[in-house]
Amino acid sequence: MRKLIKTVTESRVWRSFFRHGWPDNPLDRSLVMTTNIFFHLHPVKISRKSLRSSYSLGLGVISVIVFGILSFTGLLLMFYYVPSVERAYSYILLLQTRVPFGQLLRNMHRWGAHLMVIVVVLHMARVFYTGAYKPPREFNWVIGVVLLILTLAASFTGYLLPWDQLAYWAITVGTSVAAYEPLMGDSIRAILLGGSEVGQEALTRFYAFHILIIPGAIASLISLHLWRVRKDGGLAAQDAVKIEPEALQGTDNE
Amino acid sequence: MNENTESFSPQDRQMKTYSLVELVKGPTTMVDRGPDDSIFAFPMVAILEIFLTLGVILVLLLMSLTVNAPLEDLANLYETTDPAKAPWYFMGLQEMLEHGHPTLMAVAIPTLIVLFVIAIPYLDNSPAGAGIWFTSKRGKRIALFSALYALIVMPLYIYLDTSFPIREIYRGQLPDFFLNTVVPALLMVVIVLLPLLVLSRYKPSAREITMMLFTVLFTSAIIFTLVGFLFRGPGFELYWPWGMPEGYSPWDNL
């Protein structure tokens, strides 16, 4: 058995896949992180402080995970959904009653969407209260706020797609708020809806926004967000040094 | 120098080989950090992330197996739902609409809040105290006080403004702009800035001021969202969530 494992892991095929040996020593453990696309965003070594769950609560990672689940379930839903005023609703009914696990799929996408809004908001609160927006991380905070707004937009555009009473009137109410914008309120609403009322044009636009434009923007910004976390030295917990104001004042006299 | 060219001879050692170059404020790289407290990211980080992913999927799966996503009747342009509500995360905005002119309540104030949130790292740009929850004990007290303040004042404001609406009582006697825009704007400014006035007596740092402002606004946003989502029934009147008339349940709107 041991011989078989050795033959497999030393074969040219295996070596072409994995560019490191069995990760039981410092060198190979480093290579796992730097040569693997899923891990290369992480540092090779990480401080215990930033792993502490009471610090980050894992909220940033959970946001990415929920976004992944939403992308996957959303892709499956696209196999059955048609963005048409005449057919959208009946296809949702069909999905729920005829498609195996169709109802479960829709439930996961719906509850996942609500979960993502909650988790992203909590993540913002965590970053604020731990002061993790402070230099050099200022701009990553700004990217984070944009990601929060995009998350709301993704959820809002998806809300219309089932084309039931709930969806229709929620979007009617929601977009009427946009019309109160001074000067260009009406034109903003017209751009969103493709007309003066929520109809086929609005459904087409919301669909395009929901399945491609917004998720694409979110995915790109998440990459930028995570890349900057690394470039700025990991989580702020790593460079947390307790500085009481008294201590800072004390150095003046020396 | 003596003839001995060996660099670490006893004679050399007695000579002064160091000098004071400069006094620098702040901690050195090692002070207060202790020994290197980091571990290899592999396999710890991989294990944590896999478990977190499985956990999130499990939670979503359980939720999706027990509760179905809502689906009402086919959208109907001619039959308004009562109440017509936006998605839950915009219910704070819809609740705001009840208390003043739409351009003020749903456009101007939210825009100001978003701009403030984006500007936070540039308003409070001292790197001191990053990576520590609430930065200091005093910071924790300030956050707690601000949250309690908003928790008491905002529901009171919503209740009083709904039961004794100045705007309705003086309608026609005073100009509309004054009643719907000037009065609510002044009220909001006073409510939000009042705790800052108290704080200013204690020589607060930039971090503490932003913390108070953020906490008051964040808590208020949660309260407005909850009131709009849970406490508004048919006719958008205030009810207890468990005492809704006509079998209406706010949870059906999710």
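How many residues of chain B are in contact with how many residues of chain A? In this predicted model, 80 residues of chain B are in contact with 85 residues of chain A, contact meaning heavy atoms within 4.5 Å. Being predicted, the model is read with limits: local features need pLDDT of at least 70, side-chain atom pairs count only at pLDDT 80 or more, and totals for chains, interfaces and linings use all residues. Residues are numbered from 1 along each chain as its sequence is written, chains are lettered from A and ligands numbered from 1 in the order in which they are written, and side-chain values use heavy atoms, with hydrogens and water left out.

**Interface between the chains**

- The size of an interface is often given as the accessible area lost when the parts come together.
- Between chain B and chain A, about 7900 Å² is buried, and carbon and sulfur atoms give 72% of this area; buried area is the accessible area (1.4 Å probe) that two parts lose on being put together, summed over both.
- B:Phe40, B:Phe42 and B:Trp133 supply 9% of the area that chain B buries against chain A, more than any other three residues.
- The two chains share 39 residue pairs in polar contact, both residues at pLDDT 80 or more. A polar contact is a pair of N or O atoms within 3.5 Å; within protein, one must be able to donate a hydrogen and the other to accept it, and residues adjacent in sequence count only if both atoms are side-chain atoms.
- On the side of chain B that touches chain A, strand E1 (38–40), helix H2 (41–66), H3, H4 and H8 each supply at least two residues; H2(B) gives the most, with 17 residues.
- Helices (H or I, at least four residues) and strands (E, at least two) are DSSP runs, numbered from the N terminus.

**A buried histidine**

- A:His42 lies in the loop between helix H3 (26–35) and strand E1 (45–47) of chain A.
- With a relative accessible area of 19%, A:His42 counts as buried because buried means under 20%, whereas exposed means over 50% and partly exposed in between (1.4 Å probe, protein chains only).
- Leaving aside neighbours within four places in sequence, A:His42 is in contact with A:Met33, A:Arg230, B:Val45 and B:Glu49.

**Salt bridges**

- The whole structure holds 5 salt bridges over all chains, each a side-chain nitrogen of Lys or Arg within 4 Å of a carboxyl oxygen of Asp or Glu.
- The count between chain B and chain A is 1 salt bridge.
- A:Lys134 pairs with B:Asp124, the closest N and O atoms being 3.3 Å apart. This pair crosses between chains, from the loop between helix H8 (102–129) and helix H9 (138–160) of chain A to the loop between helix H4 (102–123) and helix H5 (137–163) of chain B.
- A:Lys134 is buried at 1% relative accessible area, and B:Asp124 is buried at 1%.
- B:Glu95 and B:Arg232 meet in a salt bridge at 2.7 Å, N to O. They lie 137 residues apart, B:Glu95 in helix H3 (residues 91–97) and B:Arg232 in the segment after helix H8 (206–230) of chain B.
- B:Glu95 is buried at 0% relative accessible area, and B:Arg232 is buried at 1%.
- B:Asp161 and B:Arg167 form a salt bridge at 3.0 Å, N to O; both residues are buried.
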